[in-house]
Amino acid sequence: KFLEIEFQVISNAVESALLGSDDPTVILRASCREDGTLRLEVIDNGLGIDPSDLTQVFRTGYSLKPERSGLGLHLASTAAMEMGGRLWAESGGLGSGAQLHLELPKVARASSLQAVQQAA
């Protein structure tokens, strides 16, 4: 589930940056809080999100990009909730890029790591 979330969020950021910027940039940041919560941030300089749409980007079928299904961020958000975490978006508005934030509790992180190790 963790890899699914990251794939969807990073793919979304890359597409947005390519469509919305002459100098597309995507930044990934990861940190771990004292309580073990993992926080990942994916920041792009792409299309941006209108403030009134910040919660809508996770709705099934919603997309700012032409000819896209609008399922990716919905699936990522659902997977984050299933893992006891949360996914949310921030943006200064259209044309200003966006930041997507994922927080996962220590328990979800540990089970994700075990799944990755077993698959290897």
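Visitor: What makes a set of residues a nonpolar core?

Guide: A nonpolar core is a set of buried Ala, Val, Leu, Ile, Met, Phe, Trp, Tyr and Cys residues joined through side-chain atoms within 4.5 Å. In this predicted model, the largest such core has 21 residues. Ile5, Val9, Val57, Phe58, Leu87 and Leu102 touch the most other members.

Visitor: Which elements each supply at least two residues of this core?

Guide: They are helix H1 (2-20), strand E2 (38-44), helix H2 (72-82), strand E3 (86-90) and strand E4 (98-104).

Visitor: Why are E3 and E4 called paired strands?

Guide: Pairing requires at least two bridges, and five bridges join E3 to E4; therefore the two strands pair. They run antiparallel, and the bridge partner of Trp88 is His101 in E4.

Visitor: What makes E3 an edge strand of the sheet?

Guide: The open sheet has four strands in the order E1-E2-E4-E3, with antiparallel pairing. E3 pairs on one side only, as does strand E1 (26-32), and these two are the edge strands. From one strand to the next, the twist averages 15°.

Visitor: Which helices pack on the sheet?

Guide: H1 packs on the sheet and touches E1, E2, E3 and E4; its direction makes about 20° with that of E2. H2 also packs on the sheet, touching E3 and E4, and the direction of H2 makes about 135° with that of E3.

Methods. Residues are numbered from 1 along each chain as its sequence is written. This is a predicted model: local features need pLDDT of at least 70, side-chain atom pairs count only at pLDDT 80 or more; totals for chains, interfaces and linings use all residues. Side-chain values use heavy atoms; hydrogens and water are left out. Buried means under 20% relative accessible area, exposed over 50%, partly exposed in between (1.4 Å probe, protein chains only). Axes are lines fitted to C-alpha atoms, for helices over the stretch in contact, and angles run from 0 to 180 degrees between N-to-C directions. Contact means heavy atoms within 4.5 Å.
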